[in-house]
Amino acid sequence: MAETQQVSIEAPPRVGQSISHEGKEYTTIKEGLAHILVPHDTPTSTDPRMSKEETQKQQVFYNPIQQFNRDLSVLSIKTFGEDLILRRQEKHEQQKKKADKRKKKADQKSGNGGNQVPEASGEGDGVSSSKRKLNESEATESTEEAAAKRRKSAQDNEDTEMSGVDGANATSAGAEQSAPWKAPFTILDALSATGLRALRYAKEIPFATSVTANDMSEKATKSIALNVKHNKLESKIQAHTGNAIAYMYSYCDRKGYDVIDLDPYGTASPFIDSAIQAINDEGMLCVTCTDSAIFASHGYLEKTFSLYGGLPLTGDSCHEGGLRLILHAIAQSAARYGMAIEPLLSLSIDYYIRVFVRVRKSPNDVKFLAGKTMLVYHCDKGCGAWKTQFLARHREQKAKNNSTFYKYGFAHGPSADEHCEHCGFKTHLSGPMYGGPLHNPEFIKRVLAQLKDADRETYPTMDRIEGMLHTALEEITFGAEDKAAKNKETQSLDPLIPKADPSVQDHHPFFFTTSSASRTVHCSAPPTAALRGALRHAGFRVTMSHCKPGSIKTDASWRDVWHIMLEWVRQKAPLKNPLKQNSPGHAIMSKASAHQTASTKENEKRDQPAAATSAAEEAASPGQMLDSALNGTGSGTENTEQAGQGSNGEDRPSYLDVNFDVKFDESLGRDMDRGKYVRYQVAPRENWGPMSRAR
């Protein structure tokens, strides 16, 4: 129940408080473990079904639509931080052991220096004494030097903890020496607005040593400072006023941040290069882009290329193409400085994209980037098929001593003709874009493990987070892991996140839907489970994409997919109307598989006299006979298109070599736990999106 009595900003934060400060009145809203203040005349409901006008007024101070983003970010940064802290502690222990060994050797040398030179009388004794004193002096200097290095190392570690913190006060030397060493973990919220993300990071990530909330608006940073004061976090959060790009570039020649979060309105492209400069080795970059009209649409090609260095993909997979464009922009920027990226989690959410990438200084890993950058030949105006073309290739080689190395070279090209091999329509180019895996499955498992201990009140979107993460995990592994083994493994995971193989390419990057495939051949759409079952029965791996409900992601080629669709038409859904001769569906139907052609011939022979059948076989191609049988248009001799030719008259291969048996086994296509998770969000109100830019 909301309080009516006004209290000062010094009061402990609680939901619904009425705060009076410097002549202004505020109300407290809670998200996660953080509380933020909004003016009294601003709507404070967290219900996303508020009217558009109320939402427009509120989102300047608080946008509940983005709570899923913030919840996921806290869990992801916490998972990543546990890995980084453990690595730093292990490195610190190793350095400490080495320093102790050096000190022990120096002490031994100092203590035994007089015994190393035999004593002699007379002049020799004087020489021996002189040498002994010299050895003792050198040992003392060595010991002092080692101690000085240890003190400097400890000082550097403490400085690292406070790096990036403007106006922070250094602790005393005596306190540094007596306190146990604590691994630093610094976070920058580069575009902070009211500072809600920074507040949540400071509250919910216990090992975060400092958080910087930056915004170029003085009004925004005053609001941040007010919220920091209300949450009693002055010792951990610093508000900074300045241009985010200039501020991050100021860390080019000094220690930066372990995590940088870029969450702008629109594109994050202008901030990526400076963020790469300001991030520490093995740090994590979190990027949000809300300009889906640019990265996932064909209406502004020139704008897409100028921002992301590539052209967008159109069709069902446009948002996954947008993910790969953004990763390409990050990877290209990092590669200029000898840094490689490892995508930990890349998600298309509602109207925006959110990626979490690990950035490491590794010139050797950068060498794989050309081989993981691809162009896409996309038949967007025809059947929707695509083919990828990597810009370079890297091949693993064996040395004489059985060690492995990689050889880099040009890729063979082109991988596709200018006309689609399936329907004959012209293809269009998309990209270049990132062609490696979108996620690190080990990272996803550890975030899921975090959810087991999460509080539903703190993370009210955890059901959706769990569903989307499970979908992303199946997407990257094709559901290959045994469910029982996966659950057992999740309970006892090592906090260290194994590094993904930097050489791996994703040869099956996009998905399709049953509705788009059936629309091409003008048949009734098969159930998703039936098509998945047919693919699995044929030995292919199949899963779904987190980007779109009803999606099918498989390692089958488009030739295999169209073979299955033709079998669906033959077995289950004969066409009711003939296809237009110049349509992509007609061209695909003209390519009967060996099984389909034989079946069609048998049907034709059964239905026609022998002489008529012979004449029809001479005049009609196998594809025409299949088309005729499916459309009910007679022998098909009225069609002029020849076998293996499309609407443009060019030769294209038929599907005579694709002859595996097709069985539409819906039980095989169902995943028993598919309905267990909330995999796809249903928009809770009309006009669900980013609204207008805050003023």
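Okay, let's start at Ala239, which sits in strand E7, residues 237-241; strands here are DSSP runs of E with at least two residues, helices are runs of H or I with at least four, and both are numbered from the N terminus. Quick caveat before going on: this is a predicted model, where local features need pLDDT of at least 70 and side-chain atom pairs count only at pLDDT 80 or more, while totals for chains, interfaces and linings use all residues. Residues are numbered from 1 along each chain as its sequence is written, and side-chain values use heavy atoms, with hydrogens and water left out.

Back to Ala239. Its relative accessibility is 37%, so Ala239 counts as partly exposed. For the cut-offs, buried is under 20% relative accessible area, exposed is over 50%, and partly exposed is in between, with a 1.4 Å probe and protein chains only. Skipping neighbours within four places in sequence, Ala239 contacts Ala213, Thr221, Ile224 and Ala225, where contact means heavy atoms within 4.5 Å. From Ala239 to Leu226 you go 13 residues in sequence and 9.8 Å in space, C-alpha to C-alpha.

Now, what about Leu347, buried or exposed? Leu347 is buried, at a relative accessible area of 0%. This one belongs to strand E10, residues 339-349. Leaving out residues up to four places away in sequence, Leu347 touches a whole list, including Leu72, Tyr352, His439, Met468 and His546. Leu323 is also one of the residues Leu347 touches; those two are 24 residues apart along the chain, with their C-alpha atoms 7.4 Å apart.

Next up, helix H17, residues 528-537. Why call H17 largely enclosed by the rest of the structure? Because eight of its 10 residues are buried. Those are Thr528, Ala529, Ala530, Leu531, Arg532, Gly533, Ala534 and Leu535. They pack against several elements, among them helix H16 (514-521), strand E19 (551-554) and helix H18 (558-571). Just after H17, Gly539 has a positive phi of about 95°.

Over to helix H2, residues 67-111, where we find Arg102. With 47% relative accessibility, Arg102 counts as partly exposed.

Zooming out to finish: the protein has 23 helices and 19 strands. Of its 695 residues, 52% are buried. And if you take contacts between residues at least 6 apart in sequence, 70% of them join residues at least 24 apart. That's my tour!
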